[in-house]
Amino acid sequence: MNLERNKFYITTPIYYVNDKPHIGTGYTTLAADVLARLHRQLGEDVYFLTGTAEHGSKVAESAEKAGLNIQEFVDEYAAKFSLAWDELTIAPDDFIRTTEERHIRAVNLFFTKLKDSGKLYEGDYEGWYCVGCESFKKESELVNGVCPLHNRKPEWIKERNWFFKLSEFASILKEKIETDEFRIFPLARKNEVLSFINQGLEDIAVSRRTAKFAMPLPWDKEQTIYVWLDELFNYCSAIGYESDRKKFDKYWPADFHIIGKDIIKFHCIIWPALLLAIGEQLPRAVYAHGFFTVNGQKMSKSLGNVMDPVALAHQYGSDAVRYFLLREVPFGQDGDVSEEKLKERYNADLANGLGNLFSRVTNMMEKYLDGDLGDARVSPKDLSEVSEAFHSLNFSEGLVKIWEAIAWANQLIDKSKPWELVKTEPKKVKELLLSLGALLYDIALKLSPVMPETANKIKTALEQEKIMKPAQPLFPKIE
RNA sequence: CGCGGGGUGGAGCAAUUGGCAGCUCGCAAGGCUCAUAACCUUGAGGUUGGCGGUUCGAAUCCGCCCCCCGCAACCA
């Protein structure tokens, strides 16, 4: 027997507190939650981390706009995120905020080590600086030499910054990715990263002179830490990088960083290079999921078509939203969602499918057997493929397998005609319902990482001494 | 030649390593009555964007072309 439980450390990006949670951030966090639940089911020592990124000029500006001081502002937004995850039945083990002491101390230690590694140097950052954007613009971003956002000519600015020798890490990174020591999913993303590395890596500036509300460099108070690096380090600071080395050694390296495809370069190139520089192990895997369009249109604030997962959860139930997002789009690919599609899935799969099957089976148990099932049975259907699919993050595939079992059960019932059989051979009806009950129980177990509340309802009903059809349907049909 | 993702029955999607083209919704006909007017069966509907190539065999591999979308510009 293994006395030491396997650990499983899984993370989401930490979210910028400029905006409330939306369907995209919800999706990432949901996927991580499902994996966390899956591994908890196996009895593993799971550490599921999410949180908020609270440094940066934009945060300072937004706070000012909202008429709040920065601390009030970030507190409010961090709470919004935390509450949203609650409403989606997402249960992280830890929630880190970059303004927390444990993070700030860890980042200071991290940068000190980085400097000691000899991989930092002072250099000049030159480029077109748009005062409106408060950021440097690449030549390619300018239209007729003018910033297209603010329609003004940027200034050529030379700024003294600290740089990280990212260029030195190209070949080692390439090797670790190619040998799968550092895994990137899906495969298309791995290839994308490799081809990016093959084009050569440039050193990056890791400090800024202009940023508001950012951490100062420990050895150069004139400069602030580039917020992206501050944010990346949350994965280490949360598990005690600075304060509790024992805990850190237990959980690091992360088993999975779940991210959106937009931040691949930060997680698959810059982040591992930084870790190599300070002598820490690389995460085992990064999984980049795709993006949603809404009714074929890109989701954006200006179009006003951003979907709010919390509002949807209030209306349809958090399990329904969780099911929909993971079933509708194969994880890793882009996909299209809409409230119409959610309703369609809800009625077809949840109300008519799982809900109705559960209803007819429990009803027959109550009616034909007086709720007295007796001995438990082995499920007549092998659902091990479901777990395999979930473990590979093929959520939609696993869910399809479950719904195949539901269709199978409906067919079996129609073929067996228990409503006739009960008059002539009640024993056979009992056998049939025993195995249907076992199948439903197994479905609940397999489904529980994705739909924890529904799974509990099913299990609870089937564990009763006298099984009765519950008064409330699992999923009342929506008109 | 900026990078990336796609084009599959009316709609939306799926097809590990090339091997009888599947699913959901919708539509048509029938069946059943235990169930949330649910469920089951059958049917109609496709030259898998186009052309060419490799192969015994291509939605899948190769070449060229056409079209759509995303990123590159707040946004997962």
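At 0% relative accessibility, F110 counts as buried, where buried means under 20% relative accessible area, exposed over 50% and partly exposed in between, with a 1.4 Å probe and protein chains only. The model is predicted, so local features need pLDDT of at least 70 and side-chain atom pairs count only at pLDDT 80 or more, whereas totals for chains, interfaces and linings use all residues. Residues are numbered from 1 along each chain as its sequence is written, chains are lettered from A and ligands numbered from 1 in the order in which they are written, and side-chain values use heavy atoms, with hydrogens and water left out.

F233 likewise counts as buried, at 0% relative accessibility. The structure holds 31 aromatic pairs, a pair being two rings of Phe, Tyr or Trp (its six-membered ring) whose centres lie within 6.5 Å, with planes under 30 degrees apart counted as stacked, over 60 as edge-to-face and the rest as tilted. F110 and F233 form one of these pairs, which is stacked, with 4.1 Å from centre to centre and 5° between the planes. Because F110 belongs to helix α4 (residues 101–116) and F233 to the loop between α7 (227–232) and α8 (234–237), the pair ties together parts that are 123 residues apart in sequence; helices (H or I, at least four residues) and strands (E, at least two) are DSSP runs, numbered from the N terminus. Both residues also belong to one aromatic cluster, whose members include Y9, Y47, F111, Y235, Y241 and W271.

Rings also meet charged groups, a charge being over a ring if NZ of Lys or CZ of Arg is within 6 Å of the ring centre and within 35 degrees of the ring normal. R208 lies over the face of Y226, at 4.2 Å from the ring centre, while the charged end of K261 is placed over the ring of F291, 5.3 Å from its centre.

Turning to the chain as a whole, chain A has 18 helices and 16 strands, and its C-alpha trace spans about 90 × 55 × 40 Å along the principal axes. Of its 479 residues, 52% count as buried. Among contacts (heavy atoms within 4.5 Å) between residues of chain A at least 6 apart in sequence, 76% join residues at least 24 apart. There are 61 positive and 71 negative side chains in chain A, and the centres of the two sets lie 2 Å apart; Lys and Arg count as positive and Asp and Glu as negative, with His and the chain ends not counted, and the place of a charge is taken as NZ of Lys, CZ of Arg, CG of Asp or CD of Glu.

Helix α12 (residues 318–328) is largely enclosed by the rest of the structure, because ten of its eleven residues are buried. Among them are D319, R322, Y323 and R327.

Individual positions complete the picture. R97, in strand β3 (residues 94–97), is buried with a relative accessible area of 18%, and, not counting residues up to four places away in sequence, R97 touches T52, E54, Q71, V74, D75, A78 and H103. E231 lies in helix α7 and counts as buried at 10% relative accessibility; leaving aside neighbours within four places in sequence, E231 is in contact with I14, Y16, A53, H55 and T98. L474, in the segment after α18 (452–462), counts as buried at 11% relative accessibility, and its contacts, again leaving aside neighbours within four places in sequence, are G355, F358, T454, K457 and I458.
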